[in-house]
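Colleague: I am new to reading protein structures, and I would like to go through one slowly with you. Could we take the features in turn?

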Amino acid sequence: MFLQQAGFWRTPKLIVDAPFYLDVTLCCGQVFRWEKVDDWWFGVASDKTFKVRQLGNLVEFENVDWPFVENYFSLDMDLQKISASINRDLHIRKALKEYFGLRLIRQDPWECLISYICATYKSIPAIRHMLNNMAQKFGEKTSFDGRTFYTFPKPEMLARATEQKLKECGLGYRAKYVLATTKQLCEGGFNLESLRKLPYPEAKAALMELPGIGAKVADCVLLFSLGKTEAFPVDVWVKRVILNHYGDKLAPELLQRLTTRGSLSNVDYRRLNEFGRSYFGEYAGYAQEYLYHYERIAI
DNA sequence: CGTGGGCCTGTCTA
DNA sequence: ATAGACAGGCCCA
């Protein structure tokens, strides 16, 4: 992965011998709590507070070791192979070319789950706001590099919250879903990690049993934290991508409904999801992320 | 079993 | 300024 290590021991500098585009990876909407100060990104992941930056193919980081960084940014995945696998048409080819090096982050499943319950019907700045409020109220305070951070609250901590307290974090109607799901994870026999072993459809069905988790949230959790690269979340942006660039690959009737109706029905979600997975294959989730980001930036 | 309407509230635009 | 629309959907009737 890296060819050489040099420099001051506290700040390892690694020449990464694999395509990696840090800024896009952290900006493309998969994670919400990273913060850029000058050219350093500061973040908390699984109770580790660290910073990372990229200068060309030189990646520097502090307060964390290389194996963690490599795993977190899934730099062990062969992006050339993935790219070749999803490179099915001219449109995605442009997205791949523009943002090559965008990586799917391996998030903590618990944090990912709560984050995406909160993400429903909200804009990214608002999601960030909610999650930071929750971390500040229920997480642990840490300090690093002269700055203050809060870890994402553990399930036991959040289980002690009340619906009112969560609403004060700006969650609105999502508060009761977060609380109910948290309690099921703490008390009930629901084990998030065990979903890794299940095939995609079964893991998805299991997630959708939890309060506040529909098909879209389940797909996000599976893709971003449980290693299901074939998951293909369909949000308003992906719907736009499909309408604008893949309409000719859909049934005319479906295309007609999508253009006339605003919101996506459960059935139409499933159809778009199935389209994405069958069209792009086992790495459909990577295709989704490149297309999503490309469409958002193009506005 | 498929569909339509309501929903908390932070942000952004006019 | 202040209202109004919209936001990475989910649940229930």
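Modeller: What follows is a walk from the whole chain to a few single residues, and please keep in mind throughout that this is a predicted model.

Colleague: Then let me begin with the overall build: how many helices and strands does chain A have?

Modeller: Chain A has 15 helices and 8 strands, and its C-alpha atoms fill a box of roughly 60 × 50 × 35 Å when this is taken along the principal axes.

Colleague: What does the radius of gyration of chain A agree with?

Modeller: One compares the value with the one that a compact globule would have; for 299 residues that is near 19 Å, and because chain A has 19 Å, the two agree.

Colleague: And what share of the residues in chain A is buried?

Modeller: A residue counts as buried when its relative accessible area is under 20%, and in chain A buried residues make up 50% of the 299 residues. The accessible surface of the chain comes to about 14000 Å², and carbon and sulfur atoms hold 50% of that surface.

Colleague: How should I read the contacts that join residues separated in sequence?

Modeller: One looks at contacts with a separation of 6 or more, and in chain A 65% of these are between residues 24 or more positions apart.

Colleague: Which charged side chains does chain A have, positive and negative, and how far apart are the centres of the two sets?

Modeller: There are 40 positive and 35 negative side chains in chain A, with 4 Å between the centres of the two sets.

Colleague: How many aromatic pairs does the structure hold?

Modeller: The structure holds 23 aromatic pairs.

Colleague: Are Y99 and Y294 buried or exposed?

Modeller: Y99 has a relative accessibility of 8% and so counts as buried, while Y294 is buried with a relative accessible area of 18%. Elsewhere, F20, W34, F50, F68, Y72 and F73 form one aromatic cluster.

Colleague: To finish with a loop, where does L198 lie, and which residues does L198 touch?

Modeller: L198 lies in the loop between α9 and α10, and L198 is partly exposed, with a relative accessible area of 29%. Leaving aside residues up to four places away in sequence, L198 touches A203 and K228.

Terms used. Residues are numbered from 1 along each chain as its sequence is written. Chains are lettered from A and ligands numbered from 1 in the order in which they are written. This is a predicted model: local features need pLDDT of at least 70, side-chain atom pairs count only at pLDDT 80 or more; totals for chains, interfaces and linings use all residues. Side-chain values use heavy atoms; hydrogens and water are left out. Helices (H or I, at least four residues) and strands (E, at least two) are DSSP runs, numbered from the N terminus. The radius of gyration is taken over C-alpha atoms; the globule rule is 2.2 Å times the number of residues to the power 0.38. Buried means under 20% relative accessible area, exposed over 50%, partly exposed in between (1.4 Å probe, protein chains only). Contact means heavy atoms within 4.5 Å. Accessible areas come from the Shrake-Rupley method with a 1.4 Å probe; for residues, only the protein chains shown count as cover. Lys and Arg count as positive and Asp and Glu as negative; His and the chain ends are not counted. The place of a charge is taken as NZ of Lys, CZ of Arg, CG of Asp or CD of Glu. Rings of Phe, Tyr and Trp (its six-membered ring) pair if their centres lie within 6.5 Å; planes under 30 degrees apart count as stacked, over 60 as edge-to-face and the rest as tilted.
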